[in-house]
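Good morning, and thank you for coming.

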Amino acid sequence: MVRIAVKSDSQLLFHLETTLDQKGSTLKDLIVKLQNGRLKVLRICNQVQSLAQHGVQVHPQRQGLLEEQIQELNLGRDANLDRFPPEGGGYQDCPDPLQQRTGRAPKPEMQKVLNATVDRVKANLRKDKPMNWDVVEEALAMLSGAVKVVYTQGLPDYDPVQMELDNKEDLCGTQAAKSVLDPEETTLWFASKELVLDDPLSQRLGRNEKTKVVFKVSTRSQGRPPKEGFSPETQKKLQMDAFKRMEEVRRLERDADQSHLNSPWADSGGLQRKFQGLNNISWK
């Protein structure tokens with residue numbers, strides 16, 4: 001199996017394994033699907049953590065409003081406030097500073113259920129582990145199951161967790177939307193050349209199934225991804241290594257200097273000639 005590191009610019013997205021017979025178009029569709037699936041799972045993880053900390057989402061009409069503002073607008077009491085209680089003996093007050101959630105958080109034991117599930121899911125999405133769609137589906141199932149354990153009555157249909165699980169999320173105008181890959185616009189690059197979608201990978205990578213390569217994701221408008229530079233930490237390490245090599249070369253040059261052998265004190269026969277009176281003799 002060919003191991004591919006998928007990057008966006010210099011950022012590693014994930015690894016995947018495939019065969020050399022796979023066409024470029026199939027690989028591109030798979031990468032788009034996996035990346036968007038990963039992003040969806042990570043968004044749910046973040047929202048589940050907020051759910052554990054501050055309870056369910058307030059009604060969209062009330063989001064960001066203080067209690068005084070709600071009274072001024074005559075919005076009345078939220079009818080859904082008591083419809084979705086957490087299990088485990090009620091809730092604990094934990095106000096949301098952003099006024100996005102009700103502040104009725106689950107009790108600590110139920111919080112542990114949600115947070116522990118998020119930790120396991122994120123561990124399965126580690127970038128050094130090969131990614132496939134089964135990992136994404138398993139993560140979605142784990143998160144959905146944990147939410148159902150804590151909120152047996154379900155969640156409001158406008159809660160971000162429920163909207164993501166129902167595939168009804170609206171990312172328009174959000175920062176998260178910028179990371180989602182568009183299948184029509186996405187392009188794949190290898191060795192600074194765009195991948196030909198109709199050709200099998202063997203056309204570019206050869207026939208070695210144990211190959212490890214880097215593919216970069218870009219868009220038609222962005223064109224070829226920029227070449228990766230060195231991070232400041234890497235540059236510093238390279239400079240230190242170069243300095244150490246120069247010092248080692250200088251040391252070896254000093255050790256290899258044999259000019260001292262021409263000194264009088266280094267003459268092994270000097271003492272014998274001195275006793276025999278043969279020093280400083282000139283021959284005419």
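I begin with a definition: a residue is called buried under 20% relative accessible area, exposed over 50%, and partly exposed in between, with a 1.4 Å probe and protein chains only. By that definition, buried residues make up 33% of the 284 residues in the chain.

A word on the source. This is a predicted model, in which local features need pLDDT of at least 70, side-chain atom pairs count only at pLDDT 80 or more, and totals for chains, interfaces and linings use all residues. Residues are numbered from 1 along each chain as its sequence is written, and side-chain values use heavy atoms, with hydrogens and water left out.

The chain has eight helices and seven strands; helices (H or I, at least four residues) and strands (E, at least two) are DSSP runs, numbered from the N terminus. Among contacts between residues at least 6 apart in sequence, 69% join residues at least 24 apart.

Let us turn to the nonpolar core, meaning a set of buried Ala, Val, Leu, Ile, Met, Phe, Trp, Tyr and Cys residues joined through side-chain atoms within 4.5 Å. In soluble globular proteins, nonpolar side chains tend to be buried together. Which residues touch the most other members of the largest core here? They are Ile 4, Leu 27 and Phe 215, out of 44 residues in that core. Among the elements that each supply at least two residues are strand 1 (2-8), strand 2 (11-18) and strand 7 (212-219). Helix 1 gives the most, with 10 residues. Beyond its neighbours within four places in sequence, Phe 215 is in contact with residues including Ile 4, Leu 27, Leu 188 and Trp 189.

Is Lys 216 buried or exposed? It counts as buried, because its relative accessibility is 13%. The side chain of Lys 216 reaches the backbone oxygen of Pro 226 at 3.3 Å.

Thr 211 lies in the loop between helix 6 (202-205) and strand 7. At 16% relative accessibility, Thr 211 also counts as buried. A polar atom of its side chain lies 2.6 Å from the backbone oxygen of Asn 208. The C-alpha atoms of Thr 211 and Ile 4 are separated by 8.4 Å, although these residues are 207 residues apart along the chain.

Now consider a pair of helices. The axes of helix 3 (residues 108-124) and helix 4 (residues 133-150) come within 9 Å and cross at roughly 175°; axes are lines fitted to C-alpha atoms, for helices over the stretch in contact, and angles run from 0 to 180 degrees between N-to-C directions. Helix 3 is therefore roughly antiparallel to helix 4, a term for angles over 145 degrees. Their contact has 13 nonpolar, two polar and one charged residues.

Finally, Arg 101 is found in the loop between strand 3 (91-93) and strand 4 (104-106). It counts as buried, at 5% relative accessibility. Its side chain makes a polar contact with the side chain of Gln 47 at 2.9 Å. A polar contact is a pair of N or O atoms within 3.5 Å; within protein, one must be able to donate a hydrogen and the other to accept it, and residues adjacent in sequence count only if both atoms are side-chain atoms.

Note on methods. Parallel < 35°, antiparallel > 145°, perpendicular 65-115°, else oblique. Nonpolar A, V, L, I, M, F, W, Y, C, P; charged D, E, K, R; others polar. Contact = heavy atoms within 4.5 Å.
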